[in-house]
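Thanks for coming, everyone. I'd like to walk you through two interfaces today.

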Amino acid sequence: MASREEAGAPKLSSSVKLVLLGEAAVGKSSLVLRFVNDDFQENKEPTIGAAFLTQKCNLPTRTIKFEIWDTAGQERFASLAPMYYRNAQTALVVYDITKPTSLTKAKHWVAELQRQASPGIVIALVGNKLDLASSNAISANADDVDDAENEDRRAIPTSEAKAYAEEESLLFYETSAKTGENVQAVFEAIANAIPESTLKPRGGAGTGMGGGARSSANEGHSHAVNMADATRAAKEGCAC
Amino acid sequence: MLKFESLSVRPKTPPPSIPSPPLPTPTHRPGRNFTDFMSQTDDDWDADVKDETADDFLQQKIKPPRSIEHRPAVSSKLSGNGSSTDLSRAPTYPSPRRKDTQGLKPQFEGLVRDPGNSLHMIYHPTLSADTHTEAEIERLNSRIKRINKFKRILQSSTVDLNELREISWNGIPDELRPMAWQMLLGYLPANSDRRINTLERKRKEFIDGVKQAFVRGTAGLDQTIWHQISIDVPRTNPHIPLYGFETTQRSLERILYVWAIRHPASGYVQGINDLVTPFFQVFLSAYIDGEVETFNPNSLPKEVLDVIEADSFWCLTKLLDGIQDNYIHTQPGIQRQVAGLRDLVQRIDNSLTKHLAEQGVEFIQFSFRWMNCMLMRELSVKNTIRMWDTYMAEGQAGFSEFHLYVCAAFLVKWSEPLQKMDFQETMMFLQALPTQSWGEKEMEILLSEAFLWQSLFRNSSAHLRQGGAAHVPTINL
């Protein structure tokens, strides 16, 4: 029952395995829920193990079907993570812009992915809960203006996370799953950034963990994605 | 696959009236297993002998937090929902208001003292042949009969636990469940002379433990544990109104926190927040009239809330004692259970196992959660409560071994649709199984099927062993 629509279409069409990693309660599941269903739930039950979802992203040059593994954030479940990022072509490492420890945790995940995941994996660093910051200014200089109405809970300056992302050649976005801000943009950027060489034709058997042997062939020679790719990617549209 | 309907053997239940023909393996009776269980665990739970030392821990001084690396996220998205993540604030304890205790049973003081008093408070409506159908009257009569059976067992000065287990397997009437659960778990002594003192002591130990832990408000807590608990509690059963109330959330926080600091090998693990809720709900139901899931406990007298909390804590502790391995580092208990499930399903329904393997579906991908949360993400709390009647009747192995058979029965139930699905469809389906309409009947069928698989396979339990090297002959039916 694998879908084989658009077979033979000239446009490149491919399934991409994506894994979400990050500290507990940074909003991983909420980002996915926004991306997949354009919905938001205030008190979503904590994810146990991992949840699986899919969503298509139609770009002018390619159609990407994301097979998303949304992992549980609590440290106790961390031993399951390798199973989920194994053979993943892309990873969203999420932190909460109001919580400094969550960026530290995100950096650990990035390091682990760079060490252990597929060599060509495209990693996006995502600072979520942007709605809790009083302004979305790129500048990290804190305004001394007291905004009593809209308390700024941002604890991680954009510049700090961005500098780190550039250093590690990661895509970088700040998002709000609650308002939807930038959520599509992250997935579009990823969809554009996946090197063509790692895309495989759609419609094969399951691309789950069991399919490791099937999907590993292309993964040896892909290139790290730099910020230039991200910028270019963001300019393209996506009708997800 | 083996078709449940086509088998000549039937589990003892339901219906209980059908006599069970000989099974290919020795017949399992809940009572037999219990003796083994008691012989292994007797020492631990003899309230008068070992409890003093076992529970000393709550009297000890709570260690100061390891380190406070961060100020927890007051600003998390959850903060819109009450200030449960605000750690600067001391926990609020409900004031012992006597008025305005809507729904509280007037006899609550007697119930607090001795759960045995619940036996005298069961209300039976009077039905008349004029206003009710024969079937309704019949149903009520059989309910009364069943309640009386339980009463006879529970009223005895030393409750016969084998008898209680045997009758509980098929479900416990709501009114008697709080007492029966506490006794089945070994929290409430079977000997009625010891009950009041034991309860008083245990409850005091818990309450003192809470006081000590929270003596400096939430600032004095282990911040890593506290942070995780405080962000999970508002996300616990979010669809049930009871769990949205401030009082409920503060109670769950205290129970989970005290449990976590006393079990450093595992600490608090997500999913344990789910497991505490059936206890909280069942024990709360003892003190109120009406629907528990929509009840607002804010107006409960403090002494009642304390007791519900303490009893929930101790019963949660008993339950988790049997499945500790599920929550320690790398969660070996769950890994073993998942492997056991795969092995078991392979025997029961080889073509399903083959199909899943062909599609690249691994058991851990969907059944990790089944083990970690005892199927509570798949079933309603009410159905879980019914399931736990049986688990507790099964004894210590109920939440580990018997649960495995329940999971197997649960999975093969969907064998036919699953075998038409590819990887993605399978994963989506298994994450959102159509159990919303399930009630007692479906649960009883599930439990009966599990009982059957246990009867057939429990003695060829390679699936329960680590490594699983032993080879067991296939059973031909």
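Start inside chain B. Between domain 1 of chain B and domain 2 of chain B, the salt bridge count is zero. Keep in mind that this is a predicted model. Polar contacts are there, though: eight residue pairs, both at pLDDT 80 or more. On the domain 1 side, α3 (108–113) and α6 (177–184) of chain B each supply at least two residues. The largest share comes from α6(B), with six residues. By class, that side has 15 nonpolar, four polar and four charged residues.

How much area is buried between these two domains? About 2100 Å², and carbon and sulfur atoms give 68% of that. In contact terms, 23 residues of domain 1 of chain B touch 24 residues of domain 2 of chain B. Their centres, taken over C-alpha atoms, are 25 Å apart.

Now the two chains. Here 41 residues of chain A contact 51 residues of chain B. Together the chains bury about 3800 Å², 54% of it on carbon and sulfur atoms. Which residues of chain A lose the most area to chain B? Asn43(A), Ile48(A) and Arg76(A), together 19% of what that side buries.

This interface has one salt bridge. Arg377(B) and Glu45(A) form it through their side chains, at 3.8 Å, N to O. On the chain A side, β2 (50–58), β3 (62–71) and α2 (81–85) each give two or more residues. β2(A) gives the most, five residues. The classes there are 18 nonpolar, 14 polar and nine charged.

Methods. Residues are numbered from 1 along each chain as its sequence is written. Chains are lettered from A and ligands numbered from 1 in the order in which they are written. This is a predicted model: local features need pLDDT of at least 70, side-chain atom pairs count only at pLDDT 80 or more; totals for chains, interfaces and linings use all residues. Side-chain values use heavy atoms; hydrogens and water are left out. Contact means heavy atoms within 4.5 Å. Buried area is the accessible area (1.4 Å probe) that two parts lose on being put together, summed over both. A salt bridge is a side-chain nitrogen of Lys or Arg within 4 Å of a carboxyl oxygen of Asp or Glu. Helices (H or I, at least four residues) and strands (E, at least two) are DSSP runs, numbered from the N terminus. Ala, Val, Leu, Ile, Met, Phe, Trp, Tyr, Cys and Pro count as nonpolar, Asp, Glu, Lys and Arg as charged, and the others, Gly among them, as polar. Domain bounds come from an automatic or database domain assignment. A polar contact is a pair of N or O atoms within 3.5 Å; within protein, one must be able to donate a hydrogen and the other to accept it, and residues adjacent in sequence count only if both atoms are side-chain atoms.
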